[in-house]
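These are my notebook entries on a structure I had not looked at before. I went through it one topic at a time.

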Amino acid sequence: MSNQTATMNIPSKQAGYGQAMAIICILFFVFGFVTWLNGTLIQFFQIVCELNVSQALLVTMAFFMAYFFLSIPSSFILNKTGFKNGMALGLLIIAIGSLVFIPAANARSFGMFLTGLFIQGAGLALLQTASNPYASIIGPKESAAKRISILGICNKTAGALAPLILGSIILKGAEQLEADIAAAVDPVQKAALLDSLASRVISPYIAIAVVLTILAFLLKRSSLPEIDTDAEDATTAASTNGKTSVFQFPQLVLGVICIFMYVGVEVMAGDVIGQYGKALGMSIADTRYFTTFTLVAMLAGYVIGIATIPKYLTGKKGLQISAVLGVLFTIGAYLNTGFSAVTFIALLGLANALMWPAIFPMAIDGLGRFTKIGSALLVMGIAGGGVIPQIYSGMFDQHSMFNFLYSSSIDFRHAFLYCMVPCYLYILFYSLVGDKIGRK
């Protein structure tokens, strides 16, 4: 289906383009808020559950691997429910995952916390599988990257607020508490301090569950239109003629790898930045807000995207520039120390901002009846946000599940460099030639 056809399929009596975009903006705000709580949770769990770096980074593993396992099932669910009902169901699943935090906090069980995060990731996999192709094809193809940049502002505004709000609740006075816990000789006293800290997470996640449930009800009752991703115009039909599998589209397969790399570097820049600062000797009082710095930089990138795409830049050209900036900022972080290094990592948010808005439309362009399953495969690529931080920690932490890949340990600064630069170079490759492979 062409994008223009997708827009024309919206009945006049239903929500128009503007209202549909407003609803999708709200959903992207939800994505951002829930996803970017992870940076704060990593530091929180490291104290409460007495974890090493690799164990704490299992937060991202549990959350993002849900995308890998549940994105394909999500496409089948959407075929049964339609986009609107599927999105409402996704919100309810995230709410259920949030409620798991209550018994997890009471038992101070890291395994239960990870279960809650996995359930949240499952709900987000369903939401992402529905909302991203919706945003890509609800309007003209030429402005798809611009639309997703607008949605990105909603996403990253929520993401910037999330660590500020949650950090002020669950990590307030954490540095002193951490010192008290370390100094506690009596096991009972130490357990009481840890239990008290763990209980701080309950109220915020109850509030999140309530809000998500209300949003699911409102979305179910809304007039958000359905779009037919299976219909094809003449151009798309020609490109899909004779195709029997989504894997016959090389630009999609390479795009899945590109999404994997992109989400990996995005999570490294946003969630690992706090741990990186801590490794440089900074206090939790400072590092708990570092994720917000990265997301503010991403917001700046989205504003630039809205101002320049498609008037001055194509999404493809923006992706090329972004990949080069990613390499340069990563090298800048490696060559500096202290707050200068952290600043370069935060600036990676600027480099990453236009990547998803460019990669997703490029990868699903011309898929026609394969759009739903293609979208699901791309959402599977979000698992990179769980795998790449573990590869990073495995380079210097002997407790990591990926430590067996390395014959000797290196320091965290080299590890960051070795993880990030290859990812950005692959993204550059995709932006230059990868999306052209296999096209007629």
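How much space lies in the second largest pocket? I looked it up and found about 160 Å³. Here a pocket is an open set of points on a 1 Å grid over the protein atoms alone, with protein on both sides within 12 Å along at least five of seven lines, and a cavity is a set where a 1.4 Å probe fits but cannot get out; lining residues have an atom within 4 Å of a point. Grid points are joined across faces, edges and corners, and the volume is the space filled by probe spheres set on them.

**Ground rules**

I noted that this is a predicted model, in which local features need pLDDT of at least 70 and side-chain atom pairs count only at pLDDT 80 or more, while totals for chains, interfaces and linings use all residues. Residues are numbered from 1 along each chain as its sequence is written, and side-chain values use heavy atoms, with hydrogens and water left out.

**Confidence**

I checked pLDDT, the predictor's confidence in each residue, from 0 to 100. The protein chain averages 84, and 87% of the residues score at least 70. Confidence is lowest in helix 1 (residues 3-8), with a mean of 38, and highest in helix 7 (residues 101-107), at 95. Over residues 1-15 the pLDDT is below 50, and this stretch has 32 contacts in the model beyond near neighbours in sequence. A contact means heavy atoms within 4.5 Å. Where pLDDT is low, the predicted coordinates should not be read in detail.

**The chain as a whole**

I counted secondary structure next: the protein chain has 23 helices and zero strands. Both are DSSP runs numbered from the N terminus, helices being H or I with at least four residues and strands E with at least two. Of the 440 residues, 59% count as buried; buried is under 20% relative accessible area, exposed is over 50%, and partly exposed is in between (1.4 Å probe, protein chains only). Among contacts with a separation of 6 or more, 84% join residues 24 or more positions apart.

**The core**

Which residues touch the most other members of the largest nonpolar core? They are Leu41, Phe44, Phe45, Met87, Val201, Tyr392 and Ile427, in a core of 137 residues. Helix 14 (residues 250-270) gives the most to this core, with twelve residues. A nonpolar core is a set of buried Ala, Val, Leu, Ile, Met, Phe, Trp, Tyr and Cys residues joined through side-chain atoms within 4.5 Å.

**Pocket and cavity**

I went back to the second largest pocket and listed its lining: Ile26, Phe29, Val30, Phe33, Val34, Ala207, Ile208, Val211, Leu212 and Leu215. Helix 2 (17-35) and helix 12 (202-221) each supply at least two residues of that lining.

I found one cavity of 30 Å³ or more. The largest cavity has a volume of about 240 Å³. Its lining has 18 residues, of which Gln128, Asn155, Lys156, Glu266 and Trp356 lie nearest its centre. Helix 9 gives the largest share of the lining, four residues. Helices that each supply at least two residues include helix 5 (58-81), helix 8 (110-137) and helix 9 (144-170).

**Single residues**

Leu164 lies in helix 9. Leu164 counts as partly exposed because its relative accessibility is 35%. It touches Tyr289 and Thr292, not counting residues up to four places away in sequence. Leu164 and Thr40 are 124 residues apart in sequence, yet their C-alpha atoms are 8.8 Å apart.

Is Ser431 buried or exposed? Ser431 has 0% relative accessibility, so it counts as buried. Ser431 sits in helix 23 (residues 412-432). Leaving aside neighbours within four places in sequence, Ser431 is in contact with Lys316, Leu319, Gln320 and Met362. Its C-alpha atom is 8.9 Å from that of Gly318, 113 residues away along the chain.

I also looked up two residues with positive phi. Glu50 has a phi of about 50° although it is not a glycine, and it is in the loop between helix 3 (38-48) and helix 4 (53-56). Arg108 also has a positive phi of about 50° without being a glycine, and it is found in the loop between helix 7 and helix 8. Glu50 is partly exposed because its relative accessible area is 44%. Arg108 counts as partly exposed at 22%.
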